[in-house]
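This briefing is meant for a reader who is meeting the structure for the first time. Please keep the sequence and the 3D view at hand while reading.

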Amino acid sequence: MSASNSKPARLSRQRIEEDRKLKLSVIEPEPVSGGDDGEVEVEDPCLETERMERRLVRKIDIRLCTIAGVLCSLNLLDSGIISSASVTSIFEDLGLGVGNRYSVSILVYTVASVAFQMPATLLVRILGPRVMFFLITVGFGIITLCTAFIQNYKQMIVLRVLLGIFQSAIFPGLSYLISTWYTRREQQLRYAFLQSGEVTIVGLGAFLNYGLNHLDGKAGLRGWRWMFLVQGLLAIVIGFVTYLWIVDFPENSHKSFHFLTAEEQAFAETRISDDRGDVKAEDFSLFHSCLVHFTDLKLYGFCILFFCQNIISTGLSYFLPIILQSGMGFSSDQSILLSAPPYFYAVIPVIISSIVGDRYQLRGLVITFNCICTITGFSLLGFSTQVAVRYVGTYLATGAYVSNWAAMNAYQANNIVGQWKRATFAASITACNGLGGIAGSFIFRQNEAPRYMTAIWVSIASHILIIAIVALFTMYFRFANRKQKKGTLLLERTVGFRYTY
C-alpha cells in the first residue's frame, strides 16, 4: 500500500516559490558573502522560502498542537477518573455495583456525545475555535467538579449526559481544525502530537488519581470525590488558557492573540490552497455544505474504521484498572499506578509510525501494521497464563490503538477536499467512533474475569475487519489515481488531486 501525491506537492512548491520570487523582485537582493574577485553571492529565494515555511509550521505547532493535546486529553480525562474510581469505593457509595450500572453510566455519556457531535462540530466552524473550545472546556470542568458531590446513581446519570454533550465537539473539532492548517504530508505527525499530549496527560492523571485517592476521608470526602473535584478545577483553568492560546482557522488567524503577521497568514493560506484548494469555507447551506456529503461512500468506510477502532479504545481506557485488579490480581493502588505506563509507552509508536507515514505518504500500510500489533497484544492478554506476559499485551494493544488514531485521522483527512466536507466527515466519523464506544463499554464483562474472552475475540475480529476495509480502500484509490493520471477522472472536484493510500 503506497501513496501518490507528487503532482499537488510539486504545484504547491512551484506556487510558493513563484509568490516568494515576486515579493523578492521588488526588494534589492541582500549580499551574503563576497570572494576575492569581488563577486557578490545572492541568497537563493528557494532556500529563504523553505526557511520561512519551517518557521511558520513551527509556530503553528507551538500554538495549535500543544493546546490541542491538552484539550484532547479531556476525551480520556473522564475515562481516567472513572476507571481509577472504579477500583475505590464509588461502586458502594453510588450503587454502581448493581447489575450493569457502571457500563450504563459509560453508555449514556457516549450516547449524548454521539447525538451532539454533528451540530457541535459545525458550531466550531461558525463560532470559531477560541469561543467554542473555551465554552465546552469550562462547561466540562464545572460538570466534572459537580460530580464530586453527587449522592446516588440517578444524579450521576444526569451529569454523565451533560458531560457527554459538552465533550461532543472536542475530538472532531480539534481533528477538523488541525486538518485546515497543515498540508497532507504534514498531518499524521500533527495528529500524533495531539495523541501524544493526550495519552501523556492521561498517564500523569493516573499518578494524580493515586495521590488523590490517599486523601480519602479528608474534609469528609472519599478519595474518588477528590479525583473529580481537583480535575474539574483543572479543566476550568485550562478553558481560560484555551481562549488566549488556541488559534482560529487560517483565513481568520488575525483574530488569534499575537499569532501570525499578515505576510505569514498569506503564506499559510497559499500552502493550503496549493495543496488542496480548500483554505476558505463556502457560505453555509444545509444541503450543499452538509447533507450532500453523505452520498460519498468513503464516509461510510471511514465510519466503520473508527467504529471498530473505538471498541477496544473505550474498553481499555475504562476497564484497564479493573482488568489489572480482577484479571491479574493487583491491589487497588497498584491497578491505578500500573494503568499509566502503557499510555507513556504509546508515545513512542505513535510518533515513529507517524513520521514514517508522513515521510513516505503511507497510510493504509501503517494502519495495517498497527492492527497486527493490536491483535498480538489482545492475544497475549487473552491466551497467556502469565501475568507479566498479559501485562505486556496491554502495552502492545494500547500503543497500537493510539497510533492508529493518528493514522486514521490522516487517512480520512488526506482523501477529502472542502471545509464543510471536512467538518461533516469529522463529526460523522466521531459519531460512529462514539457508537463503537457504546459497544466497547459492554465487551469487558465482570463475570468473565480474569480472561475476558468476549472482549478478546471482539477486539481481534474488529481489527481484522479494519484490515479488510483498508485493503478495499487501497484497491479503489489505486484505480481512481490511475484514471486521474490519464485525465479521465477528476477527484474531489479538484484539479491535480490524487488519493493517498
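The second largest pocket has a volume of about 450 Å³, in what is a predicted model. Around this pocket stand 20 lining residues, and those that lie nearest its centre are Glu282, His293, Val417, Gly418 and Arg493.

- Two helices, α11 (286-290) and α17, each supply at least two residues of the lining of the second largest pocket, and the largest share, three residues, comes from α17.
- By class, the lining of the second largest pocket divides into four nonpolar, eight polar and eight charged residues.

**Cavities**

- The structure holds six cavities of 30 Å³ or more, and the largest cavity has a volume of about 350 Å³.
- The largest cavity is lined by 24 residues, and Asn75, Gln167, Asn310, Thr314 and Asn433 are the ones that lie nearest its centre.
- Helices that each supply at least two residues of the lining of the largest cavity are α2, α4 (101-127), α8 (187-213), α12 (297-327), α16 (387-414) and α17, and the largest share, five residues, comes from α12.
- In the lining of the largest cavity there are eight nonpolar residues, 15 polar residues and one charged residue.
- The second largest cavity has a volume of about 110 Å³, and its lining is made of 15 residues, of which Gly80, Ser83, Val202, Ser339 and Tyr343 lie nearest its centre.
- Two or more residues of the lining of the second largest cavity are given by each of α2, α8 and α12, and by class this lining has seven nonpolar, eight polar and no charged residues.

**The largest nonpolar core**

- The largest nonpolar core has 136 residues, and those with the most contacts inside it are Leu64, Tyr102, Leu174, Trp181, Leu305 and Phe378.
- Helix α2 (residues 45-85) gives the largest share of this core, 16 residues.
- Leaving aside residues up to four places away in sequence, Phe378 touches Ile312, Leu316, Ala397, Phe444, Ile456, Ser459 and Ile460.

**Helix α7 and Leu177**

- Helix α7 (residues 170-181) has 12 residues and reaches 17 Å from its first C-alpha to its last, which is close to the 16 Å expected at 1.5 Å a residue.
- Because 12 of the 12 residues of α7 are buried, this helix is largely enclosed by the rest of the structure; among the buried residues are Leu174, Leu177 and Trp181.
- Leu177, found in helix α7, has a relative accessibility of 0% and therefore counts as buried, since the cut-off for a buried residue is under 20%.
- Although Leu177 and Leu64 are 113 residues apart in sequence, they are 8.9 Å apart in space, C-alpha to C-alpha.
- Not counting residues up to four places away in sequence, Leu177 touches Leu64, Pro129, Phe133, Ile246, Val247, Asp248 and Phe249.

**Helix α18 and the residue after it**

- Helix α18 has 34 residues and reaches 50 Å from its first C-alpha to its last, close to the 50 Å expected at 1.5 Å a residue.
- The residue that follows α18 is Gly487, whose phi is positive, near 85°.

**Two loop residues with a positive phi**

- As background to the next points, most residues other than glycine have a negative phi.
- Gln361, although not a glycine, has a positive phi of about 55°, and it lies in the loop between α14 (341-360) and α15 (364-383).
- With a relative accessibility of 2%, Gln361 counts as buried.
- Tyr452, which is not a glycine either, has a positive phi of about 55°, and its place is in the loop between α17 (419-443) and α18 (453-486).
- With a relative accessibility of 3%, Tyr452 counts as buried.

Methods. Residues numbered from 1 in each chain as written. Predicted model: local features only at pLDDT ≥ 70, side-chain atom pairs only at ≥ 80, totals over all residues. Heavy atoms only, no water. Helix = DSSP H or I, 4+ residues; strand = E, 2+ residues; numbered from the N terminus. Buried < 20%, exposed > 50% of the residue type's maximum accessible area, 1.4 Å probe, protein only. Expected span 1.5 Å × (residues − 1). 1 Å grid on protein atoms, 1.4 Å probe; cavity = no way out; pocket = protein on both sides within 12 Å on 5 of 7 lines; lining within 4 Å. Points joined across faces, edges and corners; volume = space filled by probe spheres on them. Nonpolar A, V, L, I, M, F, W, Y, C, P; charged D, E, K, R; others polar. Core = buried A, V, L, I, M, F, W, Y, C linked by side-chain atoms within 4.5 Å. Contact = heavy atoms within 4.5 Å.
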